Amino acid sequence: MTKRALHWFRDDLRLADNPALTCAAEAEATVCVYILDEGSDRRPLGGASRWWLSRSLTALSEALDSKGGRLDILRGDPEKLLPALVESARIERVTWNRRYEAPSIALDTRLKEALSGAGVEVRSFNGSLLNEPWQVTTRTGTPMKVFTPYWRAARERGEPDAPLPAPKRLTALPLPDSIKGKICGLAELGLEPTNPDWAGGLRESWTPGEHGALARFDNFLDGALGGYAPGRDKPARDSTSRLSPHLRFGEISPRQIWHALGTARESGEAAGSATDAEKFLSEIGWREFSYHLLFHNPDLATRNYDSRFDAFPWNRDDDSLRRWQRGLTGIPLVDAGMRELWHTGWMHNRVRMVVASFLIKHLLLDWREGEAWFWDTLVDADPANNAASWQWVAGSGADAAPYFRIFNPVTQGETHDPQGAYIRRWIPELAGLSDGDIHQPWKASAAALREASVRIGETYPAPIVDLAFGRQRALDAFASIRNG
Ligand SMILES: Cc1cc2nc3c(=O)[nH]c(=O)nc-3n(C[C@H](O)[C@H](O)[C@H](O)COP(=O)(O)OP(=O)(O)OC[C@H]3O[C@@H](n4cnc5c(N)ncnc54)[C@H](O)[C@@H]3O)c2cc1C
């Protein structure tokens with residue numbers, strides 16, 4: 001039997017259904033380590049993700065303590081730290097769950113080689129996807145480019161394995177003195193903002209960690225899953241699961257979601273119809289598809305999937321970009337979304353599509369500018385989902401919205417937020433306007449504006465772009481690359 005094992009936590013901050021942790025826990029004693037790696041060529045986490053990580057590590061540490069284990073946190077280059085730790089603690093087995101960004105794959109491959117060369121058993125697992133990105137292919141074995149056949153092929157592979165229970169007990173291996181001095185306290189990592197502390201809205205909105213994830217999921221199964229299919233497009237309602245940051249940090253696995261949903265439906269305990277459940281699972285499918293795309297296109301966050309877009313005549317306009325980031329474009333649905341993002345670290349999917357389309361098409365700003373802002377401000381900023389979704393909206397991605405599909409943010413608001421409840425929540429200065437005026441206050445009569453105490457250009461900005469002009473300019477720009 002293995003005496004001493006080490007589990008390296010990365011994007012799998014949970015105990016249940018954690019195949020690599022389960023494998024490490026078979027040993028007589030286990031080291032559980034998280035390494036904050038800021039110097040390598042992996043993309044640094046954004047501010048909101050750092051906040052989440054800090055809270056999630058706290059929760060993980062408490063959960064490990066309660067099982068007799070211990071979380072040791074290190075900071076630095078895993079390629080140096082892990083082999084040193086393995087050698088000094090005489091570790092025989094190292095385990096981790098796989099990641100899918102190219103620099104992480106390269107790092108893991110080098111580490112596996114080095115550790116195996118030193119006689120250590122290295123075991124890696126799939127802990128975050130229903131299917132590995134290379135397991136779903138076209139009939140000729142090539143990567144998939146379109147979601148519907150991808151998801152059909154993924155489903156045809158059959159039921160995902162049943163999730164694993166959390167290890168019953170862990171025995172923490174005492175660390176040698178040479179390593180003890182390198183262990184960091186969470187506060188030392190400086191992951192949470194202090195001056196200014198902008199995370200108040202995040203604290204109000206979220207409970208990071210495995211317990212928080214499971215509670216949110218249970219809540220969703222009992223409630224918002226009922227009517228999810230039609231309701232998921234209504235940003236004023238709490239009608240989606242809000243599991244995205246929990247999934248991003250691996251506090252819950254898609255296998256757990258899949259099986260718990262199936263069990264709840266069979267026993268009649270889940271709210272909602274078969275259509276609601278299928279729609280929800282297909283969103284998990286979009287996450288899988290995004291990882292498939294990222295694995296096969298490592299530069300997804302920086303390079304156009306469709307290279308015709310390399311010639312696209314993007315605008316450069318820092319003032320408009322700043323106004324978009326701050327929710328001061330003068331277009332209510334766009335500003336409401338950007339303010340929700342700033343306050344809570346999350347934005348409703350429908351509104352994400354609208355604000356992204358507005359940035360790319362009406363302002364003609366490069367999708368990478370928006371992707372980078374989302375990366376910094378979203379608690380669910382995800383290397384696959386964020387990049388794939390931005391390219392999808394831009395029209396440069398796989399199975400993307402066609403270039404001529406330009407969301408009109410006014411009609412989007414009228415359709416999906418007809419009473420303006422979402423806009424009123426995030427832009428209180430417009431709250432007094434009627435349902436008809438709230439989506440385009442610049443068209444309201446002088447009397448209506450006066451009555452609602454709105455002064456365009458003073459209490460709320462005038463639109464930074466004329467929507468019809470912006471739309472035509474985008475169509476012309478897209479035509480230039482289509483023809484050229
Ligand atoms: C411009 C843009 C950027 C985005 N950036 C991210 C991101 O960084 N991280 C992220 O997780 N999602 C991203 N999304 C996808 C989607 O908006 C969020 O996953 C969703 O809003 C999260 O809310 P939820 O958990 O309540 O979703 P639910 O509707 O409850 O869906 C359940 C889960 O399915 C997955 N999912 C849902 N929609 C999508 C989608 N379109 N693509 C991929 N996976 C999906 C998520 O993991 C989500 O938690 C982005 C979408 C757009 C348009």
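Which residues around the ligand come nearest? Of the 28 residues around the ligand, these are Tyr-228, Thr-240, Ser-241, Arg-242 and Asn-349; a residue counts as near if one of its heavy atoms lies within 4 Å. This is a predicted model, in which local features need pLDDT of at least 70 and side-chain atom pairs pLDDT 80 or more, while totals for chains, interfaces and linings use all residues. Residues are numbered from 1 along each chain as its sequence is written, and side-chain values use heavy atoms, without hydrogens and water.

View 1. A polar contact is a pair of N or O atoms within 3.5 Å. A polar backbone atom of Leu-243 is 3.0 Å from an oxygen atom of the ligand. For Asn-385, an N or O atom in the side chain is 3.0 Å from a ligand oxygen atom. The ligand taken alone exposes 810 Å², and the protein buries 95% of that (accessible area by the Shrake-Rupley method, 1.4 Å probe).

**View 2. The shell around the ligand.** The shell divides into 14 nonpolar, 8 polar and 6 charged residues, with Asp, Glu, Lys and Arg counted as charged. At least two shell residues come from each of α11 (244-248), α13 (274-296), α16 (349-362) and α18 (385-394); helices are DSSP runs (H or I) of at least four residues. The largest share, 6 residues, belongs to α13. Domain 2 (128-161 + 211-296) and domain 3 (307-483) each supply at least three shell residues, with bounds from an automatic or database domain assignment.

View 3. Most residues other than glycine have a negative phi, and most peptide bonds are trans. The bond from Asn-195 to Pro-196 is cis, with omega near 5 degrees. Pro-196 lies in the loop between α7 (186-189) and α8 (200-205). Asp-17 has a positive phi, near 45 degrees.

Definitions and conventions: Polar contact = N/O pair within 3.5 Å; in protein donor to acceptor, adjacent residues only side chain to side chain.
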